[in-house]
Each structure stands twice: as C-alpha cells, then as structure tokens.
Amino acid sequence: MNHPQPSGSAWRRPMVPRLSGERHRTATVLELFFDLCFVTAVAQTAAAFEHEMAAGKVGHGVLGYALVFFAIWWAWMNFTWFASAYDTDDVPYRLLTLLQIAGALVLAAGASKALEHYDFTVITYGYVVMRLAMVSQWLRAARSDPEHRRTCLRYAVGILVVQIGWVVRLALPDDAGLPAFFVLVVAELAVPAWAERAGQTTWHPHHIAERYGLFTLIVLGESITAATATVRAALDTEVSLGDIAPLAVGGILTVFAMWWLYFTQSAADKLNSLNTALRWGYGHYFVFASAAAVGAGLAVEIAYLTGHAHLGRPTVAAAYTVPVALYVAVLRLLHRGAARPDAQDAVWAVGILAVLAVTFTPSPVLATGCVASALVAAVVTMTHRARKPIPQAG
C-alpha cells in the first residue's frame, strides 16, 4: 500500500513512501541543484579524459574515464531512485543531500589525479561520503516505513558493506587495486537487485524518466560548454575561423541530434517492472558517459588541429565518433527493450555504422553532425508515419 506525501513540520517528517502513481510529480529544485553540482564532477572527469587522450595515452585514458565516471553515475543514480520513493524534503533530508553534494565536489577534485595516475584516494573519500549519506537515508526510511523495512535495511547494509570494501581497497597493493575495483563495482550493482527482491520501493516512473532526461540535458550542455571553451582557446592561436567552423557546425549538429533522438520516445510508460527499471537505470551509464565524452572528443580534434595532440588522424577522429555511435546504440537498445526487430532498428543500425564510417573522412566532426541529423530526420519521419491513423475503407 502506498501512502501520500506526509504533511507536518518542515523540520522533520515521517519518511513514508511517495505514491508511485502520484499526479503532477516533477523534479524538485533540490534535485536540480544536486544535478548541477554533480555535473562539476562530470566536467572535471571529461577534461582529464581529454588531456590523457591528447597526450596519446588512449588506453590509460579510456579505462580511467570509465572507472571515475562509474563513481559519479552510481552515486547520482542511487540518490535519484531513493528520492523518487522517499523525498520528504525536510531538514534532515536536505542536510544529508548537502553531504552528498559535498562528496561529489570532493570527487570532482580528485578526478584529474585518478585519471592521470590511477590514484583513487580522493575519489574514494568523496564517493564513500556520498554513499554513507545514503545509508542514513535508508535507515530513516526503514524506521518510518514498516511495509518496506526489509528492503530499506537491505539497501543500508549492502551499501555499508561495500563502502568498507572501498576503504580497504586503498590499502591493497597496486597490482590488486584494479581487480578489487571491478569486484566492488559488481557488488554495488548487485545491491539494488538484491534489496528490491524483498519488496519493490515506490519509485515514480514519470519522475524517474524526467530525472534521467534532465541529467542528460545537463551533460549535453556541459559538452557544449567544454567545446566552446576549447574553440575560443583555439581562436586565440593562429588557427583561423575557417579551420574551426566545420568543427563548430558539426559539433552543434551532433549534440542537437543527440538531444532530439533522446526525447523522440517517452520512457515513462516503459518503466513498468523492476527488470525494465534496472536495465534503463544501468544502461544510462553509457548514455551519460558517452554524452560527456563527445565534448572531450571535440577538444581532442581541436588539439590535433593546433598541433597539441600526439595521436594519429584516425585515433583523433575515433575519440569523437565512437562516443556518438555508442550513445546512439545504447539509446536505441534502451527504448526498444525486448521488442522484435523492426524497420526502425535497421535505420538506427545504418546510422550507427555511418557514424563509425566517417571516422576515416577528412572532416569527421562535420560528417558526424550530418549523419546524426539524417538519422533524426529518418526516425522522426518513420515515427510520424507509424502514429498516423490508417484510413478506414468505405
């Protein structure tokens, strides 16, 4: 049984579950502020990734980026789903959210060192602070919600145990650090699936879809901001506007197409089961990470143009085209779910392959923008035709 949002003093309210079918449920101003603070960590991680790529450390940079971005995404995701079920918006809730924001800023401060030297000490401290704040939130929920107490306690215990593992990992020898990282990642991912089996929390499908959409917007916006700063810096050198123009036009077309493709279909109606929700939530790791990497890829392109990238031409192009292709591929998989292959699948597949193919063209950024725009046109046309009513005979 779901319960309405409790009334009472703003100082402290019982943390009873929100209605999963609550009408007019939207993201709160606190959630939006939380996202804006988290995107600071995204920006720092993307900038460090661009630096590693430009320096020619491709494998090192990609692995470091994937590891650091996991910490950002996972902490953001856990707060988002918890808030969808138990947002009381009282003083303790806000203060614990502030603690998570502080942890995100600590994480942002350590992003560069983690990517460049695989020193995850600062990252770990910031991450554990965020996760321990979530333990407190789950314990509050367990106390106020007897119906879901077992689920809430599973979350609290599971998160706490894994955080002990992260701290212990700092004391391990260097050669054991990376394997331990992957083991702990698996443990983190297993906690929600294990906890929700005891009784599903009352997350709100439309609220979740909106939260993911808003964070995608913010990450795409951060890519544009980072690319703009890089273009401006390049124009301060001897690079002409004519040299930069194809990159700027291609970058704008690409990001706009990524936005359009994301919001072509509604996700809320598809979040109707735990398995679907887990697939949607976990799959967005690749959506967010690839969206942030697009701005870094454009920065690598400009670094190559100005002679500051120690990479071959195809590798430089791939730093831009591969994240775009990954974004489009994952987006299609998330929206189609377990549906049978259809004509749109073929169109999306052609678009993905075309994006990868333009890696070997003279102007890959501009070509990617054109291909992504063509994919948008095809998808919008096919979607419109599919929704158009069939005339009745007679």
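Reader: What makes the lining of the largest pocket nonpolar, polar or charged by class?
Author: This is a predicted model, and in it the lining of the largest pocket counts 23 nonpolar residues, one polar and no charged ones. Take Val62, Tyr65, Ala66, Tyr285 and Leu326, which lie nearest the centre: Ala, Val, Leu and Tyr count as nonpolar, so these five go in that class.

Reader: Which elements build that lining?
Author: Two or more residues come from each of α1 (29-54), α2 (58-86), α6 (174-196), α9 (274-305) and α10 (313-336). The largest share, seven residues, is from α2.

Reader: What is the class make-up of the second largest pocket?
Author: Its lining divides into twelve nonpolar, seven polar and two charged residues. Nearest the centre are Glu50, Ala226, Ala229, Thr230 and Ala299.

Reader: How do you know how far to trust α7?
Author: Confidence is lowest in α7 (residues 205-235), at a mean of 88, and highest in α5 (residues 149-169), at 97. Local features here need pLDDT of at least 70, so the α7 mean of 88 is over that cut-off. For the whole chain the mean is 89, with 95% of residues at 70 or more.

Key
Residues are numbered from 1 along each chain as its sequence is written. This is a predicted model: local features need pLDDT of at least 70, side-chain atom pairs count only at pLDDT 80 or more; totals for chains, interfaces and linings use all residues. Side-chain values use heavy atoms; hydrogens and water are left out. pLDDT is the predictor's confidence in each residue, from 0 to 100. Helices (H or I, at least four residues) and strands (E, at least two) are DSSP runs, numbered from the N terminus. On a 1 Å grid over the protein atoms alone, a cavity is a set of points where a 1.4 Å probe fits but cannot get out, and a pocket is an open set with protein on both sides within 12 Å along at least five of seven lines; lining residues have an atom within 4 Å of a point.
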